[in-house]
Amino acid sequence: MSQINFRINNEDMKVAQMISEITGISLAEIARRAFLKKLKPERVEIAFNLLKEGKCGFKKAWKISGLEYNEFLSEWTKRDAKEIIPEEAMEKHLKWALGYDIKKLMKNSE
């Protein structure tokens, strides 16, 4: 796990401490929840923009988005998203596939 530290003014600190006492939730947990709540919509936008630009694929966009799988699929459909595979990657994989010796997989090959 990683850690993020930040400063707040005294008035905000008093409010946060009051909320912590009333709810029984630690200050660190309150800060973590607020941070992640603010980040969530931005993560989704960034994920789909990277996908649209061909800078990441389906799986990485899903991870970046922070959404549950079914939520991601729903958002994918809503946005009519498409995975863009860079031409270089397709050429690399095609070259590998065409050069692969399938005889290695056959039982009676010599």
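Author: The largest nonpolar core has 11 residues: Val44, Ala47, Phe48, Leu51, Cys56, Phe58, Ala61, Leu67, Phe72, Trp76 and Ala81. α2 (27–52), α3 (58–65) and α4 (69–78) each supply at least two residues of it. α2 gives the most, with 4 residues. This is a predicted model: local features need pLDDT of at least 70, side-chain atom pairs count only at pLDDT 80 or more, and totals for chains, interfaces and linings use all residues. Residues are numbered from 1 along each chain as its sequence is written, and side-chain values use heavy atoms, with hydrogens and water left out.

Reader: What is a nonpolar core?

Author: A nonpolar core is a set of buried Ala, Val, Leu, Ile, Met, Phe, Trp, Tyr and Cys residues joined through side-chain atoms within 4.5 Å. Buried means under 20% relative accessible area, exposed over 50%, and partly exposed in between (1.4 Å probe, protein chains only). Helices are DSSP runs (H or I, at least four residues), numbered from the N terminus.

Reader: Which residues does Ala61 touch?

Author: Contact means heavy atoms within 4.5 Å. Ala61 touches Ala47, Leu51, Cys56 and Phe72, with residues up to four places away in sequence not counted.

Reader: Which residues of α3 are buried?

Author: Look for a face. In α3, the buried residues are Phe58, Ala61 and Ser65. They sit on the same side of α3, because they cover an arc of only 65° around the axis. The arc is that of the directions from the helix axis to the C-beta atoms. Lys59, Lys60 and Lys63 are exposed, on the face of α3 turned away from its buried side. The buried residues of α3 pack against α2 and α4. After α3 comes Gly66, with a positive phi near 75°.

Reader: Is Ser65 buried or exposed?

Author: Ser65 is buried, because its relative accessible area is 0%. It lies in helix α3. Ser65 touches Lys40, Arg43, Val44, Ala47 and Phe72, again not counting residues up to four places away in sequence.

Reader: At what angle do α2 and α3 pack?

Author: Start from the axes. They are lines fitted to C-alpha atoms, for helices over the stretch in contact, and angles run from 0 to 180 degrees between N-to-C directions. α2 and α3 pack at an angle of about 165°, with their axes 8 Å apart. The two helices, α2 and α3, are therefore roughly antiparallel. Angles under 35 degrees count as roughly parallel, over 145 as roughly antiparallel, 65 to 115 as roughly perpendicular and the rest as oblique. On the α2 side, the contact is made by Lys40, Arg43, Val44, Ile46, Ala47, Leu50 and Leu51. On the α3 side, Phe58, Ala61, Lys63, Ile64 and Ser65 make it.

Reader: How do α2 and α4 pack?

Author: Their angle is about 55°, and the axes of α2 and α4 are 12 Å apart. α2 and α4 are therefore oblique to each other. Lys40, Val44, Phe48 and Leu51 in α2 meet Glu71, Phe72, Glu75 and Trp76 in α4.

Reader: What are the buried residues of α4?

Author: Phe72, Glu75 and Trp76 are the buried residues of α4. Seen down the axis of α4, they fall within an arc of 105°, so they line one face of the helix. On the other side of α4, Asn70, Thr77 and Lys78 are exposed. The cover over the buried residues of α4 includes α2 and α3. Just after α4, Asp80 takes a positive phi of about 50°.

Reader: Which residues does Glu75 touch?

Author: Glu75 touches Val44, Phe48 and Leu67, leaving out residues up to four places away in sequence. Glu75 is buried, with a relative accessible area of 17%.

Reader: Which residues is Trp76 in contact with?

Author: Leaving aside neighbours within four places in sequence, Trp76 is in contact with Phe48, Leu51, Phe58, Ala81, Lys82 and Glu83. Trp76 counts as buried, at 18% relative accessibility. Trp76 and Phe48 are 28 residues apart in sequence and 8.2 Å apart in space, C-alpha to C-alpha.

Reader: Where is Asp101?

Author: Asp101 is in the segment after α5 (87–99). At 35% relative accessibility, Asp101 counts as partly exposed. The C-alpha atoms of Asp101 and Asn10 are separated by 69 Å, and the two are 91 residues apart along the chain.
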